[in-house]
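Student: I am new to this structure. Could we look at it together, step by step?

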Amino acid sequence: MSSFWSGWIIILTIATIIGLFWLLFGNRTRPNNGEETTGHVYDGIEEYDNPLPSWWLNMFVLSMVFGIGYLIAFPGLGTFQGLLGWTQVNQWQQENEKLDAKFDVLLKQYAATPIEQLAKDEKARRSGQRLFASYCSTCHGADAGGNTGFPNLRDNDWLYGGSPDQIVETITRGRKGAMPAWKGILTDQQLNDVSAWLTSAEKPAAGEQVFASYCAACHGADAKGNQMVGAPNLTDNVWLYGGGLGEVKTSILNGRNGQMPAHENILTPEKIHLLAAYVYGLSQNPQPQ
Ligand code: HEC
Ligand code: HEC
């Protein structure tokens with residue numbers, strides 16, 4: 001606010017307050033020539049000219065004095081900051097610090113509870129859900145149901161493993177999926193064969209051969225995946241990037257590099273512990289999507 005407008009507001013406010021005092025006291029007693037009424041008559045009803053009831057007047061004065069005191073103590077008069085030094089920001093900070101301190105006590109208790117057990121604690125689950133909403137839902141969805149390229153965390157199907165330790169590791173250090181691109185390496189025929197082998201009911205033997213030579217090292221001889229490298233199970237109906245023939249071909253041709261960011265510099269170990277319990281709990285009662 002420029003000092004001109006600040007001054008303008010201060011003058012207007014003070015003038016208004018003075019005006020109100022004048023209005024109140026200037027009109028308190030009225031010379032009525034000894035008459036009891038104002039002389040106004042409506043349908044035979046006369047208007048009396050009584051002074052304001054004193055309780056009402058006192059309340060009025062009190063509220064105006066309070067208003068003046070308030071304007072001296074708190075910001076309100078233009079850019080004048082008030083004598084107490086109160087600001088919205090420091091009130092917000094103080095309240096936040098109080099909340100954080102409370103939450104810290106809880107987090108310490110939770111941190112001392114094994115994840116399997118913590119996952120069953122309804123209050124901890126709700127705290128974990130709030131953390132999830134702030135830090136994870138942009139990628140994994142508010143309900144942790146995932147999206148193309150972002151794994152569903154509610155099912156019991158894991159790229160990197162669903163034990164408490166594995167989940168903590170995933171959140172703390174992050175994960176990088178490394179599916180190489182096969183463009184230029186596989187012939188069109190090989191690509192078609194292996195894609196058909198993965199997606200269609202009849203399994204061409206040529207496709208199985210391609211798979212054994214090029215893919216089994218990561219996805220396993222039975223194509224059921226390998227959690228050490230985050231290679232997904234390709235035999236179930238759960239697809240990170242889509243299970244249609246076109247989508248599978250795209251995955252194979254261009255490769256895929258999903259990245260779960262590390263959170264060790266964003267979240268304390270206590271918060272990661274609580275989040276891991278929340279995620280672990282979701283997979284313990286898989287819910288239909
Ligand atoms: C920027 C997006 C992003 C954010 C934010 C994010 N994730 Fe992830 N997360 C991913 C991706 C992508 C993957 C899969 C990585 C891959 O394809 O190899 C993943 C994988 C995971 C996995 C492994 C799933 C499995 O099947 O093994 C877990 C568990 C997980 N995330 C939990 C979390 C939690 C908890 C948070 C919040 C602290 C979080 N993620 C925040 C993108 C994200
Ligand atoms: C070096 C290890 C490695 C090799 C070799 C490899 N993959 Fe993968 N593959 C992965 C990883 C890791 C992912 C997960 C990528 C991610 O999380 O973003 C993946 C993902 C995929 C997907 C996507 C799965 C989904 O759920 O959407 C398909 C399809 C796939 N691979 C097929 C193949 C085929 C076919 C071959 C052989 C031609 C092959 N892969 C060879 C590591 C490998």
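Tutor: Gladly! One definition before we start: a residue is near a molecule if one of its heavy atoms lies within 4 Å of it. Keep in mind that this is a predicted model.

Student: How many residues surround ligand 2, and which are the closest?

Tutor: Around ligand 2 there are 25 residues. They divide into 18 nonpolar, six polar and one charged. The closest are Met179, Cys215, Cys218, His219 and Tyr241.

Student: What is the arrangement of donor atoms around the iron atom of ligand 1?

Tutor: From the protein, His140 (NE2) and Met260 (SD) coordinate the iron at 2.0 to 2.1 Å. The six donor atoms subtend angles of 88 to 179 degrees at the iron atom of ligand 1, so the arrangement is octahedral.

Student: How many residues apart in sequence are the parts that His140 and Met260 tie together?

Tutor: His140 lies in helix α6 (residues 137-140), while Met260 belongs to strand β4. The pair therefore ties together parts whose separation in sequence is 120 residues.

Student: Is His140 buried or exposed?

Tutor: Buried means under 20% relative accessible area. Met260 has 22%, so Met260 is partly exposed. His140 has 10% relative accessibility, so His140 counts as buried.

Student: Which elements do the buried residues of α7 pack against?

Tutor: In helix α7 (residues 164-173), the buried residues are Pro164, Ile167, Thr170, Ile171 and Thr172. They pack against α4 (115-118), β3 (175-176), β4 (259-260) and α11 (269-284).

Student: What is the distance in space between Ala111 and Leu274?

Tutor: Ala111 is found in helix α3 (residues 88-111), and at 32% relative accessibility it counts as partly exposed. Leaving aside neighbours within four places in sequence, Ala111 is in contact with Glu270 and His273. Ala111 and Leu274 are 163 residues apart in sequence, yet their C-alpha to C-alpha distance is 7.1 Å.

Key
Residues numbered from 1 in each chain as written. Chains lettered and ligands numbered in written order. Predicted model: local features only at pLDDT ≥ 70, side-chain atom pairs only at ≥ 80, totals over all residues. Heavy atoms only, no water. Buried < 20%, exposed > 50% of the residue type's maximum accessible area, 1.4 Å probe, protein only. Helix = DSSP H or I, 4+ residues; strand = E, 2+ residues; numbered from the N terminus. Contact = heavy atoms within 4.5 Å. Donors = N, O, S within 2.8 Å, 3.2 Å for Na, K, Ca; no water. Tetrahedral: all angles 85-135°; square planar, octahedral: opposite > 155°, others 65-115°. Nonpolar A, V, L, I, M, F, W, Y, C, P; charged D, E, K, R; others polar.
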